[in-house]
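Have the viewer open as you read.

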Amino acid sequence: MIRGIRTRLALALLAVVAGALVVAWATVVPSLENRLVKAKLDQLQRDAVPVAVNLPDRVFWQEYVEQTEFLVNARIVVYDLLTAEPPALTVAADSRTGSSRDVERDITAQIAASTGRTQRGTTRRNDKRVAEVAIPLDPAGPIVLFISPLSDSLATVRLVERRLLGAGGLALLVALVLGYLGASFHAHRIRRLERAAERIAGGSFDEPVVDGGSDELGELASAFDRMRERLAQLDTARKEFIANASHELRTPLFSLGGFLELMTDEDLDEETRTEFVTTMREQVDRLTKLATDLLDLSRVDAGRLHLEQETVDLGAVARDLLDEMRALAERRGHPLRELLEPETIGLGDELRVLQVGRSLLGNALVHTPAGTPVTVRVGHRDGSSFLAVEDEGPGVPPEHAPHVFERFYRIEGDLASGSGLGLAIARELADLMGGRMELETRPGRTVFRLVLAAASPADQGAPAPAES
Ligand SMILES: Nc1ncnc2c1ncn2[C@@H]1O[C@H](COP(=O)(O)OP(=O)(O)OP(=O)(O)O)[C@@H](O)[C@H]1O
Ligand SMILES: [Mg+2]
């Protein structure tokens, strides 16, 4: 295939050069020939007229033409006009001594005789092209014909032709070699790209795709390299995800296995057994939540998580949320507050908004010291509607803040350890609803905010307006 490119490019160049040559030949050679022949005829006519006009008496004709031949550098023939109509000519003198047979029926002389005007033209004599000028002297008088070889003029044309051919041949050769070399160079680059693509297809993303060129192939190589980097990232993310997920699944499973073993002990008193069952229930809950979260994330990744885009009364969602979590807040000793701006309507999926709220409020209850108040706030800001959870805990340290929305990200030393998926899912859901997650944090005040496009209360119940 590469060989194909090389040969094809070389042949294409060859064809272009050959075409250019033919065009050059066709425009130069015939017109040059015409000009040179015309120049020769002009010259012959200029020289011939004085010689013809000074033709002496008939008896001196032969002597005169023999003597003046060298002046005009042409064979001179004088004809007698026997009859004018049709013109009948007979040779009366010829500067070329010997046979005058070849000029007896000369067409140029005959036309001059019948028209009575000077006639010029070219013809072939003894296989050579010659220029001819025929001058009739009087209406019924003699015709003087001048014949001069065109070989000099035509030699120039032939020379130009030969040069053109030589230069053309050279150009063809150069085109062939250059075409082949150029194609080889590109073929080499293409093959390098092909190898890189095969490497990437084989799953090795370490070696960068390099090509120094700034042309289309260079751009293709950079595009390949960007693709390689992206694939490498995705590959790493995938491996990390699987490793993290299996690790997260293993911990509660091990613990469950351990407790099951302990439960087989016959001497276990009822109180310890109840305690074990409670712990096992917690582990099962944790596994169930993990499985649900992983399922959500894999649905997001596969693009199969379908979210409604409808008007959501954020105040109502916040009240449901508070009712749901009040028991946990009491258990943890957190006073719960609510600040709900009336008629706060956002665009999104009600169940998913509740899910995000659950995750945020859950975090505020478990990742902060007992006794600190937690506020759920709903309101408008800059043309958007939001649902926020604010706490008075120690906050997220600045070096961790940019990462808390990443999958499986947990802050080391945090005693309440979850799986680190809650905020990652919250962000994915916010994106899918066309909104975003925001975080403001400092010791003593941390706000996690779900921001959604605002809708007016009048829209509620009506289908959602198209996203702008
Ligand atoms: N309100 C908060 N105050 C302080 N730290 C927080 C707060 N919310 C989250 N974090 C930190 O961010 C980390 C990530 O939160 P995320 O909700 O994603 O995971 P998680 O709560 O640990 O586990 P999961 O929610 O999956 O059960 C938490 O582990 C915690 O360290
Ligand atoms: Mg959480």
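Glu 324 is partly exposed, at 40% relative accessibility. In this predicted model, Glu 324 pairs up with Arg 358 in a salt bridge, and the closest N and O atoms sit 2.5 Å apart. Glu 324 belongs to helix α7 and Arg 358 to helix α8, so the bridge ties together parts that are 34 residues apart in sequence. Arg 358 is partly exposed as well, with 34% relative accessibility.

## How α7 and α8 pack

Two packed helices can be described by the angle between their axes and the distance between those axes. So how do α7 and α8 pack? Helix α7 covers residues 314–332 and helix α8 covers residues 350–366; their axes are 9 Å apart, at an angle of about 30°. Angles under 35 degrees count as roughly parallel, so α7 is roughly parallel to α8. The crossing of α7 past α8 is right-handed.

The bridge partners turn up in this contact too: on the α7 side you'll find Glu 324, along with residues including Leu 314, Val 317, Leu 321, Met 325 and Leu 328. From α8 come Arg 358 and others, among them Val 353, Leu 354, Gly 357, Leu 361 and Leu 365. Sorted by class, the contact has 11 nonpolar, 5 charged and 2 polar residues.

## Other salt bridges to click on

Side chains of opposite charge can pair when their charged atoms come close. How many salt bridges are there in the whole structure? The search finds 32.

One of them joins Arg 129 to Glu 33, with an N to O distance of 3.0 Å. Here distant parts of the chain are linked: Arg 129 is in strand β4 (residues 128–136) and Glu 33 is in helix α1 (residues 2–53), 96 residues apart. Is Glu 33 buried or exposed? Buried means under 20% relative accessible area, and Glu 33 has 19%, so Glu 33 counts as buried. Arg 129, at 24%, is partly exposed.

Next, look at Arg 75 and Asp 102, whose salt bridge has its closest N and O atoms 2.9 Å apart. Again the pair links distant parts of the chain, 27 residues apart: Arg 75 is in strand β1 (residues 75–83), while Asp 102 is in the loop between β2 (88–94) and α3 (107–115).

Most residues other than glycine have a negative phi. Which residue in the loop between α2 (61–72) and β1 is worth a look? That would be Asn 73, which has a positive phi of about 55° despite not being a glycine. Asn 73 is exposed, with a relative accessible area of 57%.

Glu 343 also has a positive phi, near 55°, and isn't a glycine either. To locate Glu 343, go to the loop between β7 (336–340) and β8 (345–348). Glu 343 counts as exposed, at 57% relative accessibility.

Methods
Residues numbered from 1 in each chain as written. Chains lettered and ligands numbered in written order. Predicted model: local features only at pLDDT ≥ 70, side-chain atom pairs only at ≥ 80, totals over all residues. Heavy atoms only, no water. Axes fitted to C-alpha atoms, helices over the stretch in contact; angles between N-to-C directions. Helix = DSSP H or I, 4+ residues; strand = E, 2+ residues; numbered from the N terminus. Parallel < 35°, antiparallel > 145°, perpendicular 65-115°, else oblique. Left-handed = near helix turned anticlockwise from the far one by under 90°. Contact = heavy atoms within 4.5 Å. Nonpolar A, V, L, I, M, F, W, Y, C, P; charged D, E, K, R; others polar. Salt bridge = Lys/Arg side-chain N within 4 Å of Asp/Glu carboxyl O. Buried < 20%, exposed > 50% of the residue type's maximum accessible area, 1.4 Å probe, protein only.
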